[in-house]
Amino acid sequence: MEIPQGLKYSKEHEWVATEESVATVGITDHAQDQLGEIVYIELPAVGDKVSKDDPFGVVESVKAVSDIYAPVSGTVVEVNEDLPESPEVVNEDPYGDGWLIKVKMNDPTDLDDLMDHEEYSELIAREKE
Amino acid sequence: MMATAGKIRHITPAPEPTPRRIEPVAGVPLIFELSCDGRRGADGPPRPDGVARGADILGRELCREDLAGFPELSEPQVLRHFLRLSQLNFAQALQFYPLGSCTMKYNPVLNEEMAALPGFAGLHPAAPEHLAQGALVLMERMEATLAEITGMDAVSLAPAAGAQGELAGLLMIRAFHRKRKELRHKVIIPDTAHGTNPASCTLAGFQVVVAKSNKRGFLEAAEIRRLASNDVAAMMVTNPNTLGIFEPEIREIADALHETGALLYLDGANMNALLGVAKPGATGADIVQLNLHKTFSTPHGGGGPGAGPIGVKRRLEPFLPMPRLMRTADGLRFDTDRADSIGRLRSYHGNFGMLVRAYAYVLALGGDGLAEASRLAILGANYVRKRLEEKFPSATSEPSMHECVLTHDLEKRAGVSTLEIAKRLLDFGIHPPTIYFPLVVAGALMIEPTETESREILDSFVAALEKIYDEALDDPELVKGAPYSTVVSRVDEAEAARHPILRWQPKEQ
């Protein structure tokens, strides 16, 4: 299971990459693997507000429908427009082309509550037990 | 004396079929592909003199001269085509169908005979009340019967399905609070709930609050006490819950809700465990919906339609949907003067034919018989759970009711998923159980044998699952490639969901 260094992770299995005050958010390799083949993704619109730990979208796979939780609070500045047509990209490249949204963060200290590579790896190991 | 098969082989064997002109779709050609220009199945009567053409009445622009692409076949072709399709169905009448949470129980033949009685089958739904007294009496008795079974004060037979019963219940909850001038916009739903519960809440304009069940798989009153407040309108609970566990704290949960002015809605999807054994009304439920197509042996699935009666406590009775029966000196009639009712859910009087079938079922079994059916359903589920515990352990340590939720370690040990186990069961002539539900159990197999299955059937089911378990370890690819015995092996579910093709289209010439 791929867990890249340098990203931040939430306990709901989202990843965050930051560039100044903009956070790119996606779901982890573990999350896409657990969901199975993703068939539909519902995302917010540019300009929408998201708040930390609240659902901002929905991902539907052949197995289940799940909420996607915001790892940080802020305003959506960009949405991955390719996903409605090709949701399978999230399965194929969760950390790359399968990114979901970019958020202009209200408070960068939100990131302090997230996990790093080691902590998230431990969480996955515990879940697999 | 019987002729043996070997002696009557005088028919010339058919030649090997030539390669199909058409792509084999699901192994059986579509009716469009069987079409042959100019072939016809029946001749309509000639149009009598003086009778206008449709086009003369409707206007030519509304009538097509030619039904392009409409299939043209002979009558035997049509019969064979549809009979063949029907033979491809997986049916409860043909095979074991332990689809958890769905209660795919046997549909007794007696039910069909009763529903086919000309007085019922031929009755027009718009017949005046005085010509339909027999049917109305059946409805009145069915309402009383379901009220007795659920421990409620009044019942409406109007909802056409379980989900419509849910919606009706939630609209009543809304009307109830509105009448008391209380603003309550939240409904508590457990994390084990069926997906229809949050969907119905959203449709009725409520916001969903999720209650977590504990490690043992049931709800604790303390959690509900924590969530209940004066903006909570109600809680929806399925009991037994979707893990097949009877909620042991249901009464305290009801108290916690009632203390804050909220109502308890009991989703009766799993009532097959409780008939004649426990009454939801006695555990504090204010509203109960029943699924006649589950618990009361009417056809379920494509053969439906469903029926989802709702029962309520007295204080909610004014809000019940229309139509409402009332008894007068001249017999039964429909009460049209009900200001607080949430109104009509659909045309006419619910799915009446299903009410006849369900009433026949109740009368055939009687009170004790219904209780025995529930006990046998519980016994069957626990038998399967116990027999399978080594290879497919239960997801909970609590006793199971009418269904059991099992899990397994094949994903880890052999990379074989629950989906693949389910597909492989088809090769054993068994309908797979519900899988990946409830969501709180990883790789869940949710098994509901129902009361009518014999021990031999249950044993053969256990043997099939045990064999699949061993196959998965010895030869995982065998299981992953299943099924082999069906007309279609694996369909591409993901592609079908991503890019659905919803109608047949002719090939480009």
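Leaving aside neighbours within four places in sequence, which residues is B:Lys480 in contact with? They are B:Ala414, B:Gly415, B:Val416, B:Glu420 and B:Arg490. This is a predicted model.

- Chain B has an open sheet of seven strands, in the order S1-S7-S6-S5-S4-S2-S3. The pairing is mixed.
- Strand S1 (154-156) and strand S3 (207-211) of chain B are the edge strands. Each pairs on one side only.
- On average, neighbouring strands of this sheet are turned by 25 degrees against each other, direction ignored.
- Strands of a sheet pair through backbone hydrogen bonds, in a parallel or an antiparallel sense.
- Strand S2 (residues 186-190) and strand S4 (residues 232-238) of chain B pair in the parallel sense. Three bridges join this pair.
- B:Ile188 has B:Met235 in S4(B) as its bridge partner.

**Helices on the sheet**
- Helix H7 (residues 196-203) of chain B lies across S2, S3, S4 and strand S5 (263-268) of chain B. Helix H7 runs at about 175 degrees to S2(B).
- Helix H9 (residues 250-259) of chain B also packs on the sheet. Helix H9 touches S2, S4 and S5 of chain B. The direction of helix H9 makes about 140 degrees with that of S5(B).

**B:Lys480**
- B:Lys480 lies in helix H15 (residues 476-480) of chain B.
- B:Lys480 counts as partly exposed because its relative accessible area is 29%.
- B:Arg490 is ten residues from B:Lys480 along the chain. The C-alpha atoms of these two residues are separated by 9.9 Å.

Notes:
Residues are numbered from 1 along each chain as its sequence is written. Chains are lettered from A and ligands numbered from 1 in the order in which they are written. This is a predicted model: local features need pLDDT of at least 70, side-chain atom pairs count only at pLDDT 80 or more; totals for chains, interfaces and linings use all residues. Side-chain values use heavy atoms; hydrogens and water are left out. Two strands pair if DSSP finds at least two bridges between them. Helices (H or I, at least four residues) and strands (E, at least two) are DSSP runs, numbered from the N terminus. Axes are lines fitted to C-alpha atoms, for helices over the stretch in contact, and angles run from 0 to 180 degrees between N-to-C directions. Contact means heavy atoms within 4.5 Å. Buried means under 20% relative accessible area, exposed over 50%, partly exposed in between (1.4 Å probe, protein chains only).
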